[in-house]
Amino acid sequence: VRIANDANCLAVSEAVDGAAAGKALVFAVIIGTGSGAGIAINGASRIGGNGNAGEWGHNPLPWMDADELRYREEVPCYCGQQGCIETFVSGTGFATDYHRLSGKRLSGAEVVALLAQQDPLAELAMNRYELRLAKSLAQVVNLLDPDIIVLGGGMSNVDRLYQTLPQLIKPWVFGRECETPIVKAQHGDSSGVRGAAWLWPLNSSV
């Protein structure tokens, strides 16, 4: 029996025959109800000696501005820490920020739907979300410099992210240059299950 978390399985699935096929070092992100990430090296998941490789969502949001510092105090993470990336860039975090701006409690999907109606607060929430996600991914580029970043989970279906993030990430990457592709998971919600099926033949327990 081999076991890996859902984000590691997403990374394996997309690295083997998905959006990141042929890439040696894949960083795959889940931005849904929660937020996590997985790393695949040559098609195999990197789990690490402590089993924590890719626990991106439970690092602090980097380069916090004044409002993000206030958010950190107001929105603690379930893990017991404050300021975790997950609290900002998950779909739940996106909806929470919209609630802070508008006073209205909507789901992330409902806020995204308001974007098509040119709702100004939904647009502001999305702008803030995009910048926070860009900063969080820039930190990964500075540390790991993956060949590709793959996005999965509900927020990955927001198509504008693939136009905005490549430019927003650059000011936060050391040297202010970054050409790392940021792409949508090819296999969608099925990718985690597919990655789990790949764990055995790929001998991914490293």
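Select Trp-63. At 39% relative accessibility, Trp-63 is partly exposed; that class lies between buried, under 20% relative accessible area, and exposed, over 50% (1.4 Å probe, protein chains only). The model is predicted: local features need pLDDT of at least 70, side-chain atom pairs count only at pLDDT 80 or more, and totals for chains, interfaces and linings use all residues. Residues are numbered from 1 along each chain as its sequence is written, and side-chain values use heavy atoms, without hydrogens and water.

Now for the ring pairs. Rings of Phe, Tyr and Trp (its six-membered ring) pair if their centres lie within 6.5 Å; planes under 30 degrees apart are stacked, over 60 edge-to-face, the rest tilted. The count by this rule is four aromatic pairs. One of them joins Trp-63 and Trp-172: tilted, 5.3 Å centre to centre, with 35 degrees between the planes. Trp-63 lies in the loop between strand S3 (44-45) and helix H2 (66-74), and Trp-172 in the loop between helix H7 (161-168) and strand S5 (182-184), so the pair ties together parts 109 residues apart in sequence. Helices (H or I, at least four residues) and strands (E, at least two) are DSSP runs, numbered from the N terminus.

Next, select Tyr-71 and Phe-88. Their pair is stacked, 4.4 Å centre to centre and 25 degrees between the planes. Tyr-71 is in helix H2 and Phe-88 in helix H3 (residues 85-89). Both residues are buried.

Which charged end sits over the ring of Tyr-71? Show Arg-132: its charged end is 5.5 Å from the ring centre. Finish at Lys-135, whose charged end sits over the ring of Trp-172, 5.4 Å from its centre. The rule asks for NZ of Lys or CZ of Arg within 6 Å of the ring centre and within 35 degrees of the ring normal.
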